[in-house]
Amino acid sequence: MIKIEGLSKIYAETIAVDGLSFQVNEGEILGLVGPNGAGKTTTMRCITGIIPATSGEIHVGPYSIKDHALEAKQQMAFVPAEVRLFDHLTVREHLLFFQRLYSTQESGLSPDGLLDELSLTEKKHQLPGALSRGMKQKLMIACALIHMPKVLIMDEPFTGLDPHAIRLMRTLLEAHARTGAVVVISSHLLGMVEGLVSKVLIIQHGRRVAYGSLAELQDGMPELRADAGLEEIFIELTSGIRQNGEQVL
Amino acid sequence: MNRALFYLIIRSSLGAIRIRLSRLKQPKYLFPALIGLLYFGSIFVPRLLKADPALDVVAALHEKFITMASFGLGFVLCYSWTFDPQRGGLSFSETEAEILFAAPLSRQELVRYHLLRSQPPLIFSSLLLSLIFASITAAPSFLFLILTFFLAMNLLRCMSLVSALAWGAVRGKWNHWPLRLSPPLVFLFSMVLSLPAHWYPFSFSVPSWLPESVLLPLHMIVASGFSATFMLAWPGWIVSIVWIGCCYVACIRLDVVFEENTLAHAKRRMAQQQRRIQAEGVAKPQKERTRTWPPLAASGSLWRAWMWKNLTWIKRTGRIGTFAIIFASIGLIWGYAVISENVAVEMVLAMMLTPFCLIASFLMPPILRVDFRSDLENLELIKTFPISSRELFFSLAGLTTAITAAFQIVLLTLITVILYRTGSLPTEFEAWGLGPLNLFLCGFVLLPVLTGTVVVIENGLILWLPAWFALKAGQNQGHNGIEYMGRGIISILARTLGLALLLLIPGLTTALVLFFFHDPFGRYSLPVAATVGACLLAVETILIAGNVGGLYERLEPGSAELS
């Protein structure tokens with residue numbers, strides 16, 4: 001569903017993403033992990049078409065983001081890491097706006113149902129300024145889900161959520177993936193990523209360090225114990241020992 | 001227009017109005033709004049009622065209007081060419097960029113959204129300008145005037161946008177300062193050359209085609225656009241609409257990559273700032289809003305941090321450039337006007353510098369970002385610093401005062417030298433003991449203290465009641481219009497009253513010293529009296545600053561937030 005080939009993004013003299021390639025198939029949840037400044041957000045922004053890639057190919061389904069941007073964007077939804085909401089739209093108006101933006105008033109989810117599911121019904125006439133950080137995060141996720149995207153890209157989606165909301169979010173994401181959608185999430189909460197994703201992409205300095213399912217990553221690192229978790233694999237791969245950025249898998 | 005974007009604009013506008021109305025329940029919003037409304041009504045409504053159609057000032061100044069508007073348009077275009085390109089012309093908030101750029105919206109739709117988004121403010125501005133100018137134009141009706149202003153402002157906005165986009169397109173290939181500065185320099189040059197020949201202090205024959213070749217296109221635009229809009233009613237409107245249409249097509253056609261917008265630019269600048277902070281090795285990278293002095297101040301180098309913060313801010317906003325261009329333009333025009341009356345050039349310079357030197361006490365601190373309330377945003381962090389609140393306030397006020405005073409003293413020295421060289425002071429001045437040296441000494445002791453007092457009073461007020469006073473527009477986003485005008489009036493009244501009260505005792509003392517000690521000190525009695533007055537004012541200011549500094553301790557984080 002998403003195919004990235006040789007993606008590079010260069011800001012002036014800084015190489016943010018360097019020849020990144022990976023593929024995520026329908027129904028898969030990809031965990032994009034890496035140290036701070038590894039290029040995760042830039043990669044996500046390139047995929048969603050917010051910023052143009054310097055080179056490389058990005059395909060969302062049959063559409064190239066370069067040549068058929070609108071068709072590709074119609075399939076996607078993006079949840080940024082920072083809270084980005086319109087100051088003067090109420091909670092419900094945000095959902096109605098997103099419905100219109102993606103022209104899914106008929107086919108998408110019901111705004112009231114989604115608000116109810118995310119426990120935001122009581123706040124539906126409030127402005128974002130009156131919401132807590134967690135509620136804003138929930139609203140952003142609701143905005144992303146309202147049009148049932150085939151590709152859901154989320155940058156640090158669990159930040160600011162309480163344990164109940166995190167559990168709810170996991171359930172929602174898993175259910176969304178079961179419908180055949182692709183979910184890409186970046187997070188530093190490796191324990192949570194480990195239990196949620198079907199594939200992991202570890203990047204550092206904009207380059208791919210490891211890519212595959214957790215079992216594949218474990219197999220590729222015999223020096224670690226057999227049941228090593230994602231955190232151990234991540235630390236091992238991104239610590240000084242393997243900082244040359246080579247592809248291990 | 002995309003239905004979703006239309007929905008966003010309409011709902012956002014309604015939401016903003018609803019917020020404004022609902023917050024009037026609070027006195028801190030209600031009183032400024034009422035005062036602003038009273039002021040606005042008392043000034044403009046009588047004018048509207050007494051409008052005299054015979055008094056058509058705009059028609060009377062038609063020729064001059066075209067010339068002035070040409071210069072104005074040239075200035076706007078040059079400004080957007082030189083400074084606005086940093087935003088690529090199409091500036092979007094980060095929320096808009098993250099949401100709208102990721103949505104299935106075409107470039108045309110985003111351009112249309114950008115243009116349409118600015119229409120509600122333009123409608124309000126048209127209404128305001130129509131009220132102001134209703135009494136001095138021969139407009140057939142008030143509605144006519146509103147529509148005229150609306151079209152003229154849209155035209156100006158579109159031209160500015162096209163200019164910025166054109167630069168964005170050019171910058172993609174060549175980005176260097178000569179190219180960036182050449183249009184403003186050509187414009188300035190043509191402006192000078194287009195002045196009447198007898199204004200030149202030297203014999204110089206200007207080929208008539210030279211200024212015209214630069215100014216003619218602008219004249220044509222103004223004559224066919226703005227001027228026609230104002231003079232010819234609906235035929236003029238059609239011309240304006242055609243111009244707006246051309247600009248719109250140009251906006252669509254100019255293939256500027258959206259990467260050159262606020263989002264990417266802001267990110268790049270933030271990364272640069274962070275690299276700089278890291279290079280200095282004094283602080284870890286912080287978020288955008290806290291990246292300046294609080295992280296640095298935590299290291300203890302408060303003065304350096306404050307200086308760095310101010311310089312960064314001034315550089316970022318391009319205020320020095322803006323002010324330099326404004327003052328240079330005023331000075332140029334005024335200078336040549338006086339030269340045409342055969343006054344010495346040095347004297348013209350002294351005449352220009354003297355008022356500027358005096359009002360610098362009020363003008364400079366805002367340029368140096370004197371509103372300490374902006375630091376209250378970081379109060380949670382500031383309160384954790386090992387710095388007492390009084391020390392904090394003295395540091396902030398002291399450095400602003402020192403920079404302003406240094407600037408004033410440089411100007412003062414220049415004026416004194418000019419006065420000595422030309423000997424052009426009237427003889428009465430000398431008789432009153434107002435020789436160049438005495439004037440310099442008086443200024444030297446009085447101006448820094450006066451600046452310090454102004455800074456302390458203004459910031460004392462905003463720290464005392466942060467939600468009630470305003471120092472400058474734009475400090476608090478979303479606070480403008482009638483309510484902000486009212487807050488401004490309250491602030492001006494409070495500042496004036498505070499300054500008057502503080503000046504009372506030093507002023508009286510100065511007069512008494514001058515009266516009783518005129519004989520023993522002779523011609524130096526004025527500097528002596530000024531010194532006594534300055535000392536008293538300084539004592540008052542330091543006492544107040546000490547108390548105001550304590551306000552930091554009592555303030556709670558978030559108290560500066562108005563909405």
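So, chain B and chain A: 30 residues of chain B are in contact with 29 residues of chain A, where contact means heavy atoms within 4.5 Å. Quick housekeeping: this is a predicted model, where local features need pLDDT of at least 70 and side-chain atom pairs count only at pLDDT 80 or more, while totals for chains, interfaces and linings use all residues. Residues are numbered from 1 along each chain as its sequence is written, chains are lettered from A and ligands numbered from 1 in the order in which they are written, and side-chain values use heavy atoms, with hydrogens and water left out.

Okay, how much area is buried between chain B and chain A? About 2800 Å², and carbon and sulfur atoms give 65% of that. Buried area here is the accessible area (1.4 Å probe) that two parts lose on being put together, summed over both. On the chain B side, Tyr7(B), Glu98(B) and Pro104(B) lose the most area to chain A, together 23% of what that side buries.

Now the charges. Between the two chains there are 3 salt bridges, meaning a side-chain nitrogen of Lys or Arg within 4 Å of a carboxyl oxygen of Asp or Glu. In one salt bridge, the side chain of Glu93(A) meets that of Arg11(B), at 3.2 Å from N to O.

Which helices of chain B supply at least two residues each to the side that touches chain A? Those are helix 1 (3-22), helix 5 (94-100) and helix 12 (262-280). Helices (H or I, at least four residues) and strands (E, at least two) are DSSP runs, numbered from the N terminus. Helix 1 of chain B gives the largest share of that side, 11 residues. By class, the side has 16 nonpolar, 4 polar and 10 charged residues. In that count Ala, Val, Leu, Ile, Met, Phe, Trp, Tyr, Cys and Pro are nonpolar, Asp, Glu, Lys and Arg are charged, and the others, Gly among them, are polar.

Let's go inside chain A. There, 6 strands make an open sheet, ordered 6-7-8-3-9-10, with mixed pairing. Two strands pair if DSSP finds at least two bridges between them. Neighbouring strands are turned by 15 degrees against each other on average, direction ignored. For angles, axes are lines fitted to C-alpha atoms, for helices over the stretch in contact, and angles run from 0 to 180 degrees between N-to-C directions.

Look at strand 3 (29-33) and strand 8 (182-186) of chain A: they run parallel, joined by 4 bridges. Gly31(A), for one, has Ile185(A) as its bridge partner. Helix 5 (133-145) of chain A packs on this sheet, touching strand 6 and strand 7, and its direction makes about 175 degrees with that of strand 6.

Last stop, another open sheet in chain A: 4 strands, order 2-1-4-5, antiparallel pairing. Strand 2 (14-24) and strand 5 (63-64) have a single partner strand each, so one side of each is left without a neighbour in the sheet. Strand 1 (2-11) pairs with strand 2 over 7 bridges, and there Lys3(A) has Gln23(A) as its bridge partner. Strand 1 is also joined to strand 4 by 5 bridges, with Glu5(A) partnered by Glu57(A). Finally, strand 4 (55-60) and strand 5 pair over 2 bridges, and His59(A) stands opposite Ser64(A).
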